[in-house]
Amino acid sequence: MYNPKSLKAEEFINDEEVKATLKYAEENKHNRELIESILEKAKPRKTERGTECAGLSHREASVLLACDIPEMTEKMYALAKQIKEAFYGNRIVMFAPLYLSNYCVNQCVYCPYHYQNKTIPRKKLTQEEVKNEVIALQDMGHKRLAIESGEDPVNNPIEYILECIKTIYSIKHKNGAIRRVNVNIAATTVENYKKLHDAGIGTYILFQETYHKQSYEKLHPAGPKHNYAYHTEAMDRAMEGGIDDVGLGVLFGLEMYKYEFAALLMHAEHLEAVHGVGPHTISVPRLKRADDIDPDEFDNGIDDDTFAKIIACIRIAVPYTGMIISTRESEQCRNKVLDLGISQISGGSRTSVGGYAGYSAQERPHDTEQFDVSDQRSLDEVVKWLMDLGYIPSFCTACYREGRTGDRFMSLCKTGQILNCCHPNALMTLKEFLEDYASPETKKTGEELITRELEKIPNPKARKIAKEYIQNIHLGKRDFRF
Ligand code: SF4
Ligand code: SF4
């Protein structure tokens, strides 16, 4: 039976409830009155505490996703944009993945790292190699990483992951530093989550891949990941282990997207119901080509328009949750969805083990790539592109470093107060990037943008302080934050 408060996967992601939701959505997809009322409910409102949004239930959001009336879709896009502007402004947080090891004992049929793939070399970074990768990432300008590793208790035990995190945080190269390490590793025990928490990780990210249990079991025929309940209940164990910020995601293309969408929101509702805090981020990866993986062999691929609509509907349903898109997507696609709710993107990414140090963007090694990178531009190019589109690329990690995680982050965010510090923080971290890493052209565009955007800080005192900090960064000081 469906119970969002249950700790059992099959009760909080209840198949009957998902199917009933899809039926309800299908029956109401042309019900204009209902759709209008759902959109009305989701609108940002000014209250004495700031700007607030009600969000939507998985049923309400599923009606929006099912609706195929073009005029309503336009309204959804406009609302998604309005919500995004209310909570995120024009900032886009930048990050990069760092692949530590492609040893894996699982057999995920959509991933080239699966155990039975004997055509790719297996590689695990030594601590010296981790250091070189991090220096290469710092030299690009990155401050926030997501570390990735296959599941292999012999080659990549938790001790190895912890050692890598320690190495990453310890490297200070020129003005560079990695200030937040997010972790994307296999579902594990409460005890191991405690260790990750104690190592000072940012967000723990685990993609569900698919919420559809039967498909899940077929797509993961062997290995520890085969266990649907253990995987689906991982976020509860992570939170029990003290990790406040968790990141959800499904791999769109594996199952019917409407099913995944409803279940993803049910998972968010479950976290809120049990732990009092929803997911910190939601990622929206789509299945991509890789070594022995052909996305055309999967029946559930989604086109760019459907993908954009999913993003807009997630933005409307969970307004405070960050949304992440990676370089799996092309420049054109990323351009389209930035407005609809995406708040974090990767830039200059390499999806292979040891893909950064010693390689130029053109030379990137392909033999251990987890998936094809569609957007192959350098970080400098992505930063320039974002600024030309009117966004502020942000390297901010202030919340994490000020201890604003979990419900403390959410309560700031929910009352819109986060805007008072995000905007200047974004400008200050962009200024660091411009001073230390940008090409002359990017620097020129960025300086003009900072001058313009500083004037938009509403509080005169904060504006004055931000201007002083920016001047200090120009003089060589680093790491200011609100
Ligand atoms: S998706 Fe993860 S667990 Fe599955 S084969 Fe790839 S690396 Fe291993
Ligand atoms: S201040 Fe916090 S919410 Fe805002 S950009 Fe920085 S880390 Fe993110």
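This is a predicted model: local features need pLDDT of at least 70, side-chain atom pairs count only at pLDDT 80 or more; totals for chains, interfaces and linings use all residues.

Residues are numbered from 1 along each chain as its sequence is written, and chains are lettered from A and ligands numbered from 1 in the order in which they are written.

Back to H6. Helices (H or I, at least four residues) and strands (E, at least two) are DSSP runs, numbered from the N terminus. H6 covers residues 127-140, and its 14 residues reach 20 Å from the first C-alpha to the last. That is close to the expected 20 Å at 1.5 Å a residue, where the expected span is 1.5 Å times one less than the number of residues.

Which residues of H6 are buried? They are Val130, Glu133, Val134, Ala136, Leu137, Gln138 and Met140. Buried here means that 20 or more other C-beta atoms lie within 10 Å of the residue's own; exposed means 12 or fewer, partly exposed is in between, and the C-beta atoms are placed from the backbone. The cover over these residues includes strand S3 (91-101), S4, helix H7 (158-170), strand S5 (172-173), strand S6 (176-177) and helix H15 (379-388).

Take one residue of that helix, glutamate 133. Glutamate 133 has 27 C-beta neighbours inside 10 Å, so it counts as buried. Apart from residues up to four places away in sequence, glutamate 133 touches Leu98, Leu125, Gly354, Tyr356 and Ala357. A contact means C-beta atoms, placed from the backbone, within 7 Å. Leucine 98 is 35 residues from glutamate 133 in sequence, and their C-alpha atoms are 7.9 Å apart.

Now the strands. Strand S4 (residues 144-149) and S7 run parallel and are joined by five bridges; strands pair if DSSP finds at least two bridges between them. Leucine 145 has valine 181 in S7 as its bridge partner. S7, residues 180-184, is mostly covered, with four of its five residues buried.

Isoleucine 282 stands opposite methionine 323 in S11. Both faces of S11 (residues 322-325) are covered: Gly322 and Ile324 are buried on one side, Met323 and Ile325 on the other.

Next, the ligands. What surrounds ligand 1? The shell consists of Cys104, Asn106, Cys108, Cys111, Tyr113, His114, Gly150, Glu151, Ala186 and Lys225. A residue is near a molecule if its C-beta atom, placed from the backbone, lies within 6 Å of it. By class, the shell of ligand 1 has five nonpolar, three polar and two charged residues. Ala, Val, Leu, Ile, Met, Phe, Trp, Tyr, Cys and Pro count as nonpolar, Asp, Glu, Lys and Arg as charged, and the others, Gly among them, as polar.

Ligand 2 has ten residues around it, the closest being Cys396, Ala398, Cys399, Cys422 and Asn425. Helix H16 (398-401) and helix H18 (418-436) are the elements that give two or more residues to this shell. H18 gives the most, with four. The shell of ligand 2 has seven nonpolar, three polar and no charged residues.

Glutamate 209 has phi near 70° and sits in the loop between strand S8 (204-205) and helix H9 (213-219). Glutamate 209 is buried, with 23 other C-beta atoms within 10 Å. Aspartate 479 has phi near 65° and lies in the segment after helix H20 (460-474). Aspartate 479 has 16 C-beta neighbours inside 10 Å and counts as partly exposed.

Last, the whole chain. The chain has 20 helices and 13 strands. Its radius of gyration is 21 Å, close to the 23 Å that the globule rule gives for 482 residues, so the chain is as compact as a globular protein of that length. The radius is taken over C-alpha atoms, and the rule is 2.2 Å times the number of residues to the power 0.38. Of the 482 residues, 53% count as buried.

Notes:
Two residues are in contact if their C-beta atoms, placed from the backbone, lie within 7 Å.
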